[in-house]
Amino acid sequence: MDREPFDHVWIHARLATFDPRVPTPCGLLEDHAIAVRGDSIAAVLLSSAPEVRSHRGAVTDCGGKLVTPGFIDCHTHSVWGGSRAAEWELRLAGVPYTEIAKRGGGILSTVRATRGLSEEELFQSAVPCVQSLIREGVTCVEIKSGYGLTFDDELKMLRVARRLGERLNVDVSPTLLAAHAVPPEFAGRADDYVSLIVDEMIPVVAREKLADAVDVFCESIAFTSAQCDRIFSAAKAHGLAIKGHVEQITNSHGAELVARHGGWSADHLEHLDDAGIAAMAKSGTVAVLLPGAFYFLREKQKPPVEKLRAAGVALAVASDFNPGTSPFASIRLAMNMACVLYGLSPEEALAGVTREAAKALGRGERLGTLEAGKRADFLVWDVTHPAEIVCQLGVTPLVGRVVSGKNCDA
Ligand code: DI6
Ligand code: FE
């Protein structure tokens, strides 16, 4: 007998497909079914379709509940040592983030703590954080290095990121962010540190497939655009993708640089100017909005969301989960902040952690929407309206999780 065309079919779902070809809000399809073969979506059909009715394999009845694509947190720093709570107290008392960084605190304080932990200790401390993201529906998470800043410590962080993906039920996209801060050993010699990144770290990271992309902090307190340019050229030469922390505190024209190199995403963007927007629109670089850092730093300047929208730049949303400027492991809080602080619609916020976030990780072909051919990562929600996922925090109305075509505990 021929093998059944599908292994498992989820029926009676309200699908928020986020498929751009479906012209309803959120690409909504009432009473539909997702037919899965292996780890992929084989077809999206009406629940009453003959192929669904004749299916003899496994069936899950979603009982009319809302189903969305798995969430993708496309910008996190989920691996680190130590705590920055005391620094947060200082910031609340009025000491600026840039001043704390100049005094050797900020990123560098986390670097000291991270260097002091073994790979196993770092892994153990990251597990509950990544599990928190998973419990909210994250099925794919980007994790950056950037708190090691030596050859060994950056690779240690990337190995921890890889292990998190192997041990937890989540797809990890690791990123080399060695250019996060100038390490103390290289104070006043940033160009020499850039040479270490370019000549030693990038070739090994690429060879050992420890990262998908290379990120930089292009900023007055970090690396100049000329230094970032060198790093991006090396990344490209070794087949790694490009992204950047740009225009967060000042405008350093980092978005234009990322766009010129055909980068996947430019992230933060509070101080982005018109030339940066035009460059991103031209190159198809995704704008990753990180309202958590904006909130925690009590920034006043918002990213130019309306202009980005008007220019047709894709808008993704991420948690930026890190110990300093965005200390929360919650993609739903990030979505909520993107609406309340930046004026995204709930639909845009949901698209920003699904379809657009997939593009920001170079995985738009495989993730981010409910369509045939995509990986079968999806979430079942006990909500009356998609916006409820973004609006109501503290309880997570997630009642089903499917990862690579398999039902998991919600
Ligand atoms: N911008 C940020 O908001 C984070 N990194 C960056 O380049 C901050 C990371 C930290 O403060 O530890
Ligand atoms: Fe970040």
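**Pockets, cavities and the iron site in a predicted model**

Good morning. Helix H2 contributes the most to the lining of the largest pocket, with 3 residues. Helices here are DSSP runs of H or I with at least four residues, strands are runs of E with at least two, and both are numbered from the N terminus.

Before I continue, a note on conventions. This is a predicted model, in which local features need pLDDT of at least 70, side-chain atom pairs count only at pLDDT 80 or more, and totals for chains, interfaces and linings use all residues. Residues are numbered from 1 along each chain as its sequence is written, chains are lettered from A and ligands numbered from 1 in the order in which they are written, and side-chain values use heavy atoms, with hydrogens and water left out.

I return to the largest pocket. A pocket is an open set of points, on a 1 Å grid over the protein atoms alone, with protein on both sides within 12 Å along at least five of seven lines; a cavity is a set where a 1.4 Å probe fits but cannot get out, and lining residues have an atom within 4 Å of a point. Grid points are joined across faces, edges and corners, and a volume is the space filled by probe spheres set on the points. The largest pocket holds about 310 Å³ of space. Its lining comprises 14 residues, and Arg91, Tyr97, Phe296, Leu297 and Arg298 lie nearest its centre. At least two lining residues come from each of H2, helix H3 (97-102) and helix H11 (291-296). By class, 9 are nonpolar, 2 polar and 3 charged. Nonpolar covers Ala, Val, Leu, Ile, Met, Phe, Trp, Tyr, Cys and Pro; charged covers Asp, Glu, Lys and Arg; the others, Gly among them, are polar. Arg298 is not a glycine, yet has a positive phi of about 50°; Arg298 sits in the loop between H11 and helix H12 (305-310).

How many cavities of 30 Å³ or more are there? The count is 2. The largest cavity has a volume of about 120 Å³. It is lined by 14 residues, with Tyr97, Ile107, His180, Asn322 and Thr325 the closest to its centre. That lining divides into 4 nonpolar, 8 polar and 2 charged residues. The second largest cavity contains about 50 Å³ of space, and its lining includes Pro69, Gly70, Arg366 and Asp377.

I now turn to the metal. Which residues are the protein donors of the iron ion (ligand 2)? They are His75 (NE2), His77 (NE2), His245 (NE2) and Asp320 (OD), lying 2.1 to 2.2 Å from the ion. Donors are N, O and S atoms within 2.8 Å of the metal (3.2 Å for Na, K and Ca); water is not among the atoms, so sites may look incomplete. His77 lies in the loop between strand S6 (71-73) and helix H2 (85-92), and Asp320 in the loop between strand S13 (315-317) and helix H13 (331-340), so the pair ties together parts that are 243 residues apart in sequence. Both His77 and Asp320 are buried, where buried means under 20% relative accessible area, exposed over 50% and partly exposed in between (1.4 Å probe, protein chains only).

Finally, two residues at opposite ends of that scale. Val67, in strand S5 (residues 66-69), counts as buried because its relative accessibility is 1%. Lys209, in the loop between helix H7 (190-207) and strand S9 (213-218), counts as exposed at 68%.
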